[in-house]
Every structure is written in structure tokens, then in C-alpha cells.
Amino acid sequence: MASKRLVVDVHTHLYLPRYASLLRERTTLPKIITRTRDDGRKDERLVILKDEPSGGRPIGPSYVERDEKLTFMKNHGIDISIVSTANPWLDFLQPKEAHRLSLQLSDDLEEYCSTGPTVTGTSMQLYGFGLLPIVSGISTESLLEAVRQISASSHLKGLIMGTRGVGKGLDDEALDPIWAAISEAGLTVFLHPHYGISEESWGEKNNGHVLPLALGFPMETTIATTRLILSGVFDRFPSLRLLLAHSGGALPQLSSRLASCIDHDPIVASRLKHDARFYLGKLYLDAVCYGPEELGFVSDIIARSNRYETSSKNVASGGRSSGSGRMLFGTDHPFFPPLSSSERWKSVVENLDAIENVQGWTEADKNGVKGGNAISLFNL
């Protein structure tokens, strides 16, 4: 694809019809419930977190139907979307059912994307992240089969994954064969939060889901990614491509503190080939929910990573511009919709404005974050 000015949304979700039907059948969380409004009309609500305000979030066609996704894209100038099943994925299922459904949903997603419209030539408007049935008790062979299916699918560019792993977290060495297979296949892992952190942290005052979503989700991503770094997974699998939701949470801000703590722990330090700050340059980050100052800061942190390679003789960072190459645009659609159907979604407008106003980024850098980086990463 010649143009590098296309807008590509790498953080956009859906619930495929097969998955939505499963949620409607369930009586425990997660589930879709039907409520009768005061005017007698029926509406569906999705309940995925404990104590959801107002009995869950209203859902409609935008959560399921492809035409709604395409309309949203058209209305907001988005050329390509890489769609993924939203949390909680398959984490609530038993291994056998999770394995079976993962294969079916990857097939469903391949059809969803491959039968959609094109942008130019043979390039599609829709691509996807498949599902890995990464639940406690699942066999390695079942996970490898899911990876092979995603790899063989023309329009699936990677997989979305939560942070729990197969019972002991993503840093469990039992997952090494999976990381190896993902790396060899050239797939990208989109790491996305769901569980947050301990509920006791939020206190007794009713703040809805502001604290769990604004702080809990990013901290969950921060902890999971840090555990991966400390486990040495990026040394064992240097070609592993990991895309973090929400710009990596607090990891960029805490990376020097992390490195200092590792220096004072010889057991942990002995596991790693490089300073912890080096590994931030191995990550890809979406640009969801950040202003220009935060995006610029994160870009600086990525850019300086080359200074922390063990054999590096660099004393200067690569500069804010070079750090932009690992950042990608996302919207988190269809979550957090506007109050009026005529309004533009803030998750699009504010994120694009943030990208546009980062000091020190060239027009080429901004176009890269909006779409060019994703085009290169996913070979679109």
C-alpha cells in the first residue's frame, strides 16, 4: 500500500454474533441481560464487571454488526480497523469449551473481515486479532492449534490476550512454547486488561467505575508487562511483538524506578541481559486516552531505550521523533459512546487531537502514529 496517510484503528472491539449469543444464555457474569424500560420497550445491557452501574451498559448493533462498525469508521475518517473481541474473551470458560469456541470465533472473525469492503486494491478495511483460549488448565497443544489457525488466516494479524495466563500469569515458563510459536508466525499480541487490581484499593465511596477503569486497567497492564520483562521473555524471544493497550499504563513513568529496584536485587538482575528500560523499546503502544503531553513523554521513554542495551555505546536518546514509531492510534469503539447519536466520539476526536499536538513530532511522525506505523507493523 503506497499511502502512509491512512488512519488505522488498532484498538476497536466487537462481540461476534456467536459470542453474543453465548452471553445471552448465561446466568452468571459475564452476561447480556434484557431489561424493560419505563416506556415498555426492551433494551439489552452487557454486564461484565461486578456491581456495574445502572445494571450494566446499554448495548446495541454497534457491538455486533459489521455495518455499524463501517458506518462509525466512515463518519470519523478511519480507513482501516483491526478489530478484536472485547474482554472478558474466553477467560470464564472451561478449557474444552474455550478451545472449541476460540477456533470457531477465529473463523467467524476471518469471515467478518474477508467479506468486507476494500480500501484500495486488495487491501481490506477490516482485519482482526484472533482469540487464544488462554484459560487455566488448557493444554499446550490446544493453544498451539489456536495459534496455527490464526496464523493461517489471511485477515487475522495477531491475537488479543488478557493478563491472567493459564493460571500463573503470562510470565509462567509453561507459556514459552506459545511465545515461540507466536514469534515464529510473526503475529502481534494485543495485551488488554480486564481484571484490574484489588477492589479494596477503591474505598467505600461510590465512584462508579472511574477508578477501576481509569487506574485499575492501566495498572493491570503495567504489572503484567513488567512481569514479562522480569521473566526474561523478551530475551528468550527477541522478535516477540507485544502491543499494549492504553499506552502501556504507568510503565513508561515508572521504568527508571523499576530499573533501580532491579539493580538492588541481584537474583532478578541476573535473569536479564539488559537494563529494564531497554525493553520498553521492544513494545508497541496504542494512543488511547492520553493527551499530547503524555504521548510526547511516552515517545521520549521509547526513544531513549537504545541507551540501555548492554553493549550500547549510545549516550543520547534517539529523540522524541524516533519514539513515535512504536505508537499507534486506537479508539476503544464501541465503548464510551457520546450521549447524542449526532455527536462525534470523543475517543476519536480527542485522540487525534492529542496526536496532532505533540510537540517535537513531525508531520511524518503524526501520520505514522495515525496509520503508517500500523500499516508497516501488520504489513497491510
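Aspartate 108 is buried, at 18% relative accessibility (buried is under 20% relative accessible area, exposed over 50%, partly exposed in between, with a 1.4 Å probe and protein chains only). This is a predicted model, where local features need pLDDT of at least 70, side-chain atom pairs count only at pLDDT 80 or more, and totals for chains, interfaces and linings use all residues. Residues are numbered from 1 along each chain as its sequence is written, and side-chain values use heavy atoms, with hydrogens and water left out.

Which residue forms a salt bridge with aspartate 108? The partner is arginine 18, and the closest N and O atoms are 2.7 Å apart. A salt bridge here is a side-chain nitrogen of Lys or Arg within 4 Å of a carboxyl oxygen of Asp or Glu. Arginine 18 is partly exposed, at 36% relative accessibility.

Next, arginine 24. Arginine 24 forms a salt bridge with glutamate 44, again with a closest N to O distance of 2.7 Å. Arginine 24 is partly exposed at 38%, and glutamate 44 is partly exposed at 23%.

Glutamate 97 has a relative accessible area of 29%, and arginine 100 has 42%; both count as partly exposed.

There is also a network of salt bridges linking Glu356, Glu363, Lys366 and Lys370. In total, the structure holds 12 salt bridges. As background, side chains of opposite charge can pair when their charged atoms come close.
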